[in-house]
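Here's a quick tour of one protein model. Have the sequence and the structure open while you read.

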Amino acid sequence: MAASGEPGRQWQEEVAAVVVVGSCMTDLVSLTSRLPKTGETIHGHKFFIGFGGKGANQCVQAARLGAKTSMVCKVGKDSFGNDYIENLKQNDISTEFTYQTKDAATGAASIIVNKEGQNIIVIVAGANLLLNTEDLREAAKAISRARVVICQLEVTAATSLEALTMAHRSGVKTLFNPAPATADLDPRFYTLSDVFCCNESEAEILTGLAVSSPASAGQAALVLMQRGCRVVIVTLGAEGCVVLSQAEPVPKHIPTEKVKAVDTTVCLPCSGNPGQLPAHTLPHIVPHLGVISKSKNSY
């Protein structure tokens, strides 16, 4: 059963420009001076519980950038799930298609972060893996009326593929973040992606090419585009990203301002949001998506 928003909320009248079909994870985060070795117990200096998941991170970013957003996801019928729904509402995200189930716990991630911002993560997807095509059919109207649909791979590949197919069939722009990446990714993911955004390690897994520089990222991006993607972005952390498209097939390196990392846990999911890409990439991406409210944000 869907957990709908408060009665009378504007979501019942307004169409969501951005629909994210993806994961919600409760993050259990421990901060330490260094990462533990195998079998080692160390002291941390801080612990907190946060709201994560690649899909939800992207949805919150889009909402904070001014887009009307809706989250299609599944959480457990538990305290983490209840808290997650409330968090989405607090971020002005429609929860009409945020489902709850008694058959699995809300997805959770155990995260350890050291003082350099490096991390190790274990995720238990839980209820995320129970989001299915029947749930998507209930959300079909929202998907077909969106301006962009965003998907990842923290729900089942079949569910993400069906969501992209539904969007594509309705003429809705699609953005796909192939994470966690698998070497045997269904070829339809490429042809159904208007924007295909991955990081360097995912590009390596998907193409079999070593990616260690903007030049090698460009080569990997060319391979991905040849598989049917319309726009490909390979993010490179402190080195920015590489962008190319079928209209402009020469890889373009977009450097970014270097900053001290605090925590890289959600960097890629946020990079999957067009509003969070380096400013010079926006002329390449915005014509393909165009979902962020100019009344609240400037490009």
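This is a predicted model: local features need pLDDT of at least 70, side-chain atom pairs count only at pLDDT 80 or more; totals for chains, interfaces and linings use all residues.

Residues are numbered from 1 along each chain as its sequence is written, and side-chain values use heavy atoms, with hydrogens and water left out.

Let's start inside. A nonpolar core here is a set of buried Ala, Val, Leu, Ile, Met, Phe, Trp, Tyr and Cys residues joined through side-chain atoms within 4.5 Å; buried means under 20% relative accessible area, exposed over 50%, and partly exposed in between (1.4 Å probe, protein chains only). The largest such core has 44 residues, and V19 and V72 are among those with the most contacts inside it. Apart from it sits another core of 26 residues, including M71 and Y84.

Now for helix 8, residues 214-226. Helices (H or I, at least four residues) and strands (E, at least two) are DSSP runs, numbered from the N terminus. Among the buried residues of helix 8 are A217, A221 and L224. Its buried residues pack against helix 6, helix 7 and strands 12, 13 and 14, contact meaning heavy atoms within 4.5 Å.

Some backbone angles deserve a look:

| Site | Angle |
|---|---|
| G228, following helix 8 | phi near 125 degrees |
| D92 | phi near 60 degrees |
| A179 and P180, cis peptide bond | omega about -5 degrees |

D92 lies in the loop between helix 2 and strand 6, and P180 in the loop between strand 11 and helix 6.

How values were computed:
The expected span of a helix is 1.5 Å times one less than its number of residues.
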